[in-house]
Amino acid sequence: MVKEMANERFDNAKRNKNDEFYTQLVDIEKELKYYKEYFKDKIVFCNCDDPYESNFFKYFAMNFNYLGLKKLICTSFDDSPIAYTHLSLFPEIKEKQFPNNNRKAYKIEINEVDDYNGDGAIDLSDVEYLLKNKNNVLTLLKGNGDFRSNECIELLKQADIIVTNPPFSLFGEYLSQLIEFNKKFIIIGNVNAISYKETFKLIKENKLWIGQSIHSGDREFRVPDYYPLEAAGYRVDDNGVKYIRVKGVRWFTNVDFSERHEDLQLYKMYNADDNPMYCNYDAINVDKTVEIPCNYYGKIGVPITFLDKYNPDQFEIVALGIVGSIDFTSDRRMEILDKFGNPTGKFTINAKGTLYKKYNPSVDKKPPAFKDCETGELYSSIYARIIIRRKQNEN
Ligand SMILES: C[S@@+](CC[C@H](N)C(=O)[O-])C[C@H]1O[C@@H](n2cnc3c(N)ncnc32)[C@H](O)[C@@H]1O
């Protein structure tokens, strides 16, 4: 049964076009510069990465000596739509073993990168060049290169750190596996992953945090040729290669860097009008992270993007303020209002389990979302919040 479910998920993942976003070298460089010291003498594993196509492979191969790596391992995935066909590199394999020109998963292990001779002629990430050194090997995998397969898990066990952009549709499962094997990691994902129960638990326990280089905006990813480009923000370069801009991208890591220990500078004083208490949870509301009051020491509900500025020495994370995650204190029966504030004839107990506060027409830009059936009072619902509390008292 479990196996069936795993296969089903695997099939879905293969069909999910959002799994095929390829990270640009510049974005990898911008993030990894914060962890330079960490990599010395480490075994790096990129387990969703065709060495011929992945910029993670390229980055680590080119910086192998600069970072002082011990070893670099990359594994590709069967039928990766962007993968090049390299059967010529495997003379023992007969083409007929791969009907329809299917691409077979393989792994590369780099143990040594010869020093650049300085004439600019050799690209240090060039696979054929790297393979001239007998300490580096390219081998076919027995299975399909699934990061959950036994042979990939054996490689994972050897590794000190995993660095990649895993398939978006399998992010939760991918992260759980890294935690299960107690691995260090630096991976790319979507900001929405913060509110997955498992991810948030790790963030709360300070076992996972947001990386340093992406805190807003969107990033450009390469996509396969078949990718439908009706979406906004796509580009085709002079070689016909397609790119798409993706919003809400973040790095997720458990490797520390000094910048995350810098205090968020706060200037605003607490004021009950700007920071009303929720009606169903003992915390005040703050709409923008920069507006966290500097003189309030109770619980505070802040937008999820607070995590981009989160210093674990300054604040503790108390809870994720969304349905199912915290115990709400109210059980009012309320009518749900539409986006113009008009009655809908639909009712809810406790605002469907979201945080809510009294509607204040002088400050609230949006119409109220709920009306108390007994008293007629109006309430505003509050989008997903993280509940935080200051760690130290400042005078
Ligand atoms: C988001 S892409 C990123 C590729 C590469 N890491 C990069 O950043 O350029 C995810 C890659 O994982 C591969 N993949 C999908 N499911 C996988 C699985 N179960 N195990 C390993 N790789 C998988 C996809 O084919 C795709 O190449």
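This is a predicted model: local features need pLDDT of at least 70, side-chain atom pairs count only at pLDDT 80 or more; totals for chains, interfaces and linings use all residues.
Residues are numbered from 1 along each chain as its sequence is written. Local features need a pLDDT of at least 70 and side-chain atom pairs count only at pLDDT 80 or more, while totals for chains, interfaces and linings use all residues. Helices (H or I, at least four residues) and strands (E, at least two) are DSSP runs, numbered from the N terminus.

An open sheet of mixed pairing is formed by four strands in the order 13-14-21-15, where two strands pair if DSSP finds at least two bridges between them. Strand 13 (284-285) and strand 15 (315-320) are the edge strands, each pairing on one side only. Strand 15 runs antiparallel to strand 21 (residues 385-390), and five bridges join them. Ala-319 has Ile-387 of strand 21 as its bridge partner.

The axes of helix 7 (residues 171-180) and helix 8 (residues 197-204) come within 9 Å and cross at roughly 45°; axes are lines fitted to C-alpha atoms, for helices over the stretch in contact, and angles run from 0 to 180 degrees between N-to-C directions. Gly-172, Leu-175, Ser-176 and Ile-179 of helix 7 make the contact with Glu-198, Thr-199 and Leu-202 of helix 8 (C-beta atoms, placed from the backbone, within 7 Å).

Around the ligand there are 22 residues, of which Tyr-22, Thr-23, Cys-48, Phe-77 and Asn-165 come nearest (a residue is near if its C-beta atom, placed from the backbone, lies within 6 Å). Helix 1 (2-15), strand 1 (22-23) and helix 3 (55-62) are the elements that give two or more residues to this shell.

Notes:
Two residues are in contact if their C-beta atoms, placed from the backbone, lie within 7 Å.
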